[in-house]
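Welcome, and thanks for taking a look.

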Amino acid sequence: MLILGIETSCDETAAAVVADGKSIRSNVISSQVLVHAEYGGVVPEVASRQHLATVVKVVRQALNEAGVEARDLDGIAATCGPGLVGPLLVGLELGKSLAYAIRKPVVGVNHLRGHLAAVYLDHAKNPSPPPFPHVALLVSGGNTTLFRVDGQAKTVLLGSTRDDAAGEAFDKVAKLLGLGYPGGMVIDRLAATGSATAIHFPRALPGREDLDFSFSGLKTAVATRLAALGRPPENELPDFCASFQVAVVDVLVRKARRALAREGLRALVVCGGVAANGGLRTALAEAAAEDGFSLHIPAAVLCTDNAAMIALAGTWAIARGERGGLDLSVDPGLPLS
Ligand code: KG4
């Protein structure tokens, strides 16, 4: 089964062809990050216009790189939410139009379902994917959520952020430090040579049973410190970043371990852009060795927004018999049912 995936929920225009629910035949990602960097964050209307200008080229490139014609496809999957309404409409309407033209099924895919599916791609490099059920920690610029994943389309929400997402906290702190946008990667790089015990930043919601997250207090603690003491000199930035990063990582790891223990599960999937973080990967690997759970993190290109994960989740949906009509629409707040 050859499925074309289209992803336009935020600031990446992406298209991919996935064969038989496992091999990635192409995975094209056109990032708008430089366009939005000027504003320090994603501007929805600018994002919509960029998607409009790029999406047809990106889809053509994905088909070319996969060596297929549109008529060879068995179906099309496009992200239908959650995300920004304008960007979502651009990708979904193109998906529907193309599916109508080639007379093949189209399905709308929940973006979060895509992130959770990513770990089942790339079989050559990932020969032992996690069993169902497992716990998944989805950490990105828009989400920080723990799920119990019982099957391809069966998830139970265990906990979520009550305010900012972890990636958002990285981006806001990077902005406060004048490190540019998006800042997660820069903080990660600086933190690698800093001391994580130099400054103590607060950890929110430590309660024994709690599986929710909160990062706005941490962001405020950083802002308050900077207002009182000014921006640290260049040579102190690594310590500052390492201390901030460990405050985020500590909470993510603690809650993931707690979720595994509470659910009695021994496999953890971590996905979303923040899964690329070096400090988080090291701390999770240590926790996995200590507690005896298996850790599954997709390749970096499959952790951040991409269309291969949408094509895979769409393959599963089409195999289940799901079909979208021409009235298929987007939902910016689409929950994961
Ligand atoms: O999943 P993703 O590509 O999409 C959105 O949620 O939009 O995640 C992007 C987020 C950004 O907040 C970015 O700063 C963060 O992931 N990120 C990182 C790292 N790489 C990307 N955060 C911490 N460390 C990293 N290495």
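Helices (H or I, at least four residues) and strands (E, at least two) are DSSP runs, numbered from the N terminus. With that numbering, Pro133 sits in the loop between helix 4 and strand 6. The model is predicted, so local features need pLDDT of at least 70 and side-chain atom pairs count only at pLDDT 80 or more, while totals for chains, interfaces and linings use all residues. Residues are numbered from 1 along each chain as its sequence is written, and side-chain values use heavy atoms, with hydrogens and water left out.

- Most residues other than glycine have a negative phi, and most peptide bonds are trans.
- The peptide bond from Phe132 to Pro133 is cis, with omega near -10°.
- The bond from Tyr181 to Pro182 is also cis, with omega near -10°, and Pro182 is in the loop between helix 5 and helix 6.
- Arg103 is not a glycine, yet it has a positive phi of about 55°; Arg103 belongs to the loop between helix 3 (85–102) and strand 5 (106–110).

- Five strands make an open sheet in the order 3-2-1-4-5, with mixed pairing; two strands pair if DSSP finds at least two bridges between them.
- Strand 3 and strand 5 are at the edges with a single partner strand each, so one side of each has no neighbour in the sheet.
- Neighbouring strands here are turned by 20° against each other on average, direction ignored. Axes are lines fitted to C-alpha atoms, for helices over the stretch in contact, and angles run from 0 to 180 degrees between N-to-C directions.
- Strand 1 (residues 2–7) pairs with strand 4 (residues 75–81) in the parallel sense over four bridges, and Ile3 stands opposite Gly75 in strand 4.
- Helix 2 (residues 44–66) lies across strand 1, strand 2 (12–19) and strand 3, and runs at about 25° to strand 2. Contact means heavy atoms within 4.5 Å.

- Strand 6 (residues 134–139) and strand 9 (residues 267–271) pair in the parallel sense over four bridges, with Leu268 in strand 9 as the bridge partner of Val135.

**A helix pair**

- Helix 5 (residues 166–176) and helix 8 (residues 237–263) pack at an angle of about 175°, and their axes are 11 Å apart.
- The two helices, helix 5 and helix 8, are therefore roughly antiparallel to each other (angles under 35 degrees count as roughly parallel, over 145 as roughly antiparallel, 65 to 115 as roughly perpendicular and the rest as oblique).
- Ala166, Ala169, Phe170 and Val173 in helix 5 meet Phe244, Gln245, Val248 and Leu252 in helix 8.
- The residues of this contact are seven nonpolar, one polar and no charged. Ala, Val, Leu, Ile, Met, Phe, Trp, Tyr, Cys and Pro count as nonpolar, Asp, Glu, Lys and Arg as charged, and the others, Gly among them, as polar.

**Pockets and a cavity**

- On a 1 Å grid over the protein atoms alone, a cavity is a set of points where a 1.4 Å probe fits but cannot get out, and a pocket is an open set with protein on both sides within 12 Å along at least five of seven lines; lining residues have an atom within 4 Å of a point.
- Grid points are joined across faces, edges and corners, and a volume is the space filled by probe spheres set on the points.
- The largest pocket holds about 1,300 Å³ of space. Its lining has 40 residues, and Ser140, Gly141, Asp171, Pro182 and Gly273 lie nearest its centre.
- Helix 5 gives the most to the lining of the largest pocket, with six residues.
- The second largest pocket has about 300 Å³ of space, and helix 8 gives the most to its lining, with eight residues.
- There is one cavity of 30 Å³ or more, and the largest cavity has a volume of about 50 Å³.
- Among the residues that line the largest cavity are Arg113, Phe132, His134 and Trp316.
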